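Open the model in your viewer and keep the selection panel at hand. The tour goes stop by stop.

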Amino acid sequence: MRELDATDLRMVRLLRQDGRMSNAKLATEVGLSQSACLRRLHNLEESGVIRGYAAIVDEGPRSDATVVIVQISLERQTEEFLRRFEAAVRKCPEVQECYLMTGLADYHLRVSAKDAADYERIHTDVLSRLPGVARIQSAFAIRSVVRAARP
């Protein structure tokens, strides 16, 4: 990944706040011409600094989705075990987010389930069958307090 200058950092911060910002507005905000801004934006995307764009959906109080935070510990923490686990977890549509962690658990996952019975199915049929899993600990979220893009 390349070194980011102050203009790149400002562009990234602005796009985190509004990923749908037009190039014209972004260029004005960072003090560049539209063509220079678009060139920089393409460079940020091609270098992997900006990996994609997403809509942050407010699931609201009526949402039927149950969020479960799952801590997974692997049998071993070798590069091969980590690689195999990560490749497999990327294929699980129920897993919304996955983080490699320090501390007691190797990974923290955010899993979406319809209800407790659906999570039991996910636990049994998906999570426990991921390669190298030694221990799974789950916690059901009561409600979301903050879930938005951060500048």
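Which residues in α1 meet which residues in α3? Select Thr 7, Asp 8, Met 11, Val 12 and Leu 15 in α1, then Cys 37, Arg 40, Leu 41 and Leu 44 in α3; these two sets meet. Keep in mind throughout that this is a predicted model.

**Stop 1: α1 against α3**

Show helix α1 as residues 6–17. The axes of α1 and α3 lie 11 Å apart, and the packing angle is about 80°. That angle falls between 65 and 115 degrees, so α1 counts as roughly perpendicular to α3.

**Stop 2: α2 against α3**

For the side of α2, select Asn 23, Ala 24, Leu 26 and Ala 27. They meet Gln 34, Cys 37 and Leu 38 in α3. Cys 37 deserves a label: it is on the α3 list for α2 and also on the α3 list for α1.

**Stop 3: a charge over a ring**

Jump to Phe 81 and Arg 84. The charged end of Arg 84 sits over the ring of Phe 81. The distance to the ring centre is 5.3 Å.

**Stop 4: an aromatic pair**

The protein has 2 aromatic pairs. For one of them, select Tyr 119 and Phe 140. Their ring centres are 5.5 Å apart. The planes stand at 80°, so this pair is edge-to-face; the cut-off for that label is over 60 degrees.

Now colour by element. Tyr 119 belongs to helix α5, residues 116–125. Phe 140 belongs to strand β4, residues 133–140. The pair therefore ties together parts that are 21 residues apart in sequence.

Are the two partners buried or exposed? Tyr 119 has 5% relative accessibility and counts as buried. Phe 140, at 41%, counts as partly exposed.

**Stop 5: the whole chain**

Zoom out and switch to cartoon. There are 5 helices and 4 strands. From the N terminus on, the order is α-α-α-β-α-β-β-α-β.

Switch to a surface. Of the 151 residues, 29% are buried.

Take the contacts with a separation of 6 or more: 61% of them join residues 24 or more positions apart.

Methods: Residues are numbered from 1 along each chain as its sequence is written. This is a predicted model: local features need pLDDT of at least 70, side-chain atom pairs count only at pLDDT 80 or more; totals for chains, interfaces and linings use all residues. Side-chain values use heavy atoms; hydrogens and water are left out. Rings of Phe, Tyr and Trp (its six-membered ring) pair if their centres lie within 6.5 Å; planes under 30 degrees apart count as stacked, over 60 as edge-to-face and the rest as tilted. Buried means under 20% relative accessible area, exposed over 50%, partly exposed in between (1.4 Å probe, protein chains only). A charge sits over a ring if NZ of Lys or CZ of Arg is within 6 Å of the ring centre and within 35 degrees of the ring normal. Contact means heavy atoms within 4.5 Å. Axes are lines fitted to C-alpha atoms, for helices over the stretch in contact, and angles run from 0 to 180 degrees between N-to-C directions. Angles under 35 degrees count as roughly parallel, over 145 as roughly antiparallel, 65 to 115 as roughly perpendicular and the rest as oblique.
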